[in-house]
Every structure is written in C-alpha cells, then in structure tokens.
Amino acid sequence: MTTTDERGSPALIECEAAARALYDYLDGRLPMATEASVYWHIETCRNCASHFAFARRVLDLVPSAVPLAGEAHALRARIVESLKVEGYAER
Ligand SMILES: [Zn+2]
C-alpha cells in the first residue's frame, strides 16, 4: 500500500522534533511514519545528521545487554545531557 505521488515525502519536522525522537529512532521504537520523518530530516539536515551519527556511535559503545535497566537509563540520560551541552537540539 504505497502512494507514489510527487508529494510522497514524509512530513517535514524541525530539528527540535528530530532531536527529541533521536533515541527512539536509534532504538527502532518509532512508529513507521515518524521514523520516516526523522530519517528524511537527517537526510536533509547536515546539523542533525552529524548529531545522529555521533549519538549512534555513542550508543554502539554502550553494551546493549546492561544488567540494570535503571542504570542504562541513567547513562543514556547523561549522554543526552552531554549532547545538549554540546548544543544539540539548539537551532
Ligand atoms: Zn535538523
């Protein structure tokens, strides 16, 4: 069930929305339509593309099987905070 008209691009979203969806996107937890919008934004926004590439690299270094989910969550929160300090999600 695909529509292939010329306006078939996913809805445009802003950097802030893309940044908010970043970790859910990397975890593959977004609804398909939202995921497409985020993907499209990264493809067209150099600023966000570099942040996403960086975040993906950071997450690759974080073991996926962390014993304590709470700790993993805290670690992730710290990573997000450090990214904010770096200016991510700022326009
Ligand atoms: Zn952006």
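Modeller: Let us begin with one pair in this predicted model: helix H1 (residues 15-26) packs against helix H3 (residues 46-61) at an angle of about 25°, and their axes lie 11 Å apart.

Biologist: Which orientation of H1 and H3 to each other follows from that, roughly parallel or roughly antiparallel?

Modeller: Angles under 35 degrees count as roughly parallel, and H1 and H3 are therefore roughly parallel to each other. The crossing of H1 past H3 is right-handed.

Biologist: Which residues of H1 and H3 make the contact?

Modeller: On H1 they are Cys-15, Ala-18, Ala-19, Leu-22 and Leu-26, while H3 contributes Asn-47, Cys-48, His-51, Phe-52, Ala-55, Arg-56 and Leu-59.

Biologist: How many helices and strands does the protein chain have as a whole?

Modeller: The chain holds four helices and zero strands, so that its pattern along the sequence reads α-α-α-α. Of its 91 residues, 12% are buried, and among contacts with a separation of 6 or more, 63% join residues 24 or more positions apart.

Biologist: Where is pLDDT lowest and highest among the elements?

Modeller: Helix H4 (residues 69-85) has the lowest mean pLDDT, 75, whereas helix H2 (residues 32-44) has the highest, 93. The chain average is 78, with 75% of the residues scoring at least 70. Over residues 1-6 pLDDT stays under 50, and the model gives that stretch one contact beyond four places in sequence.

Note on methods:
Residues are numbered from 1 along each chain as its sequence is written. This is a predicted model: local features need pLDDT of at least 70, side-chain atom pairs count only at pLDDT 80 or more; totals for chains, interfaces and linings use all residues. Helices (H or I, at least four residues) and strands (E, at least two) are DSSP runs, numbered from the N terminus. A residue is buried if 20 or more other C-beta atoms lie within 10 Å of its own, exposed if 12 or fewer, and partly exposed in between; C-beta atoms are placed from the backbone. Two residues are in contact if their C-beta atoms, placed from the backbone, lie within 7 Å. pLDDT is the predictor's confidence in each residue, from 0 to 100. Axes are lines fitted to C-alpha atoms, for helices over the stretch in contact, and angles run from 0 to 180 degrees between N-to-C directions. Angles under 35 degrees count as roughly parallel, over 145 as roughly antiparallel, 65 to 115 as roughly perpendicular and the rest as oblique. A crossing is left-handed if the near helix is turned anticlockwise from the far one by less than a right angle, and right-handed if clockwise.
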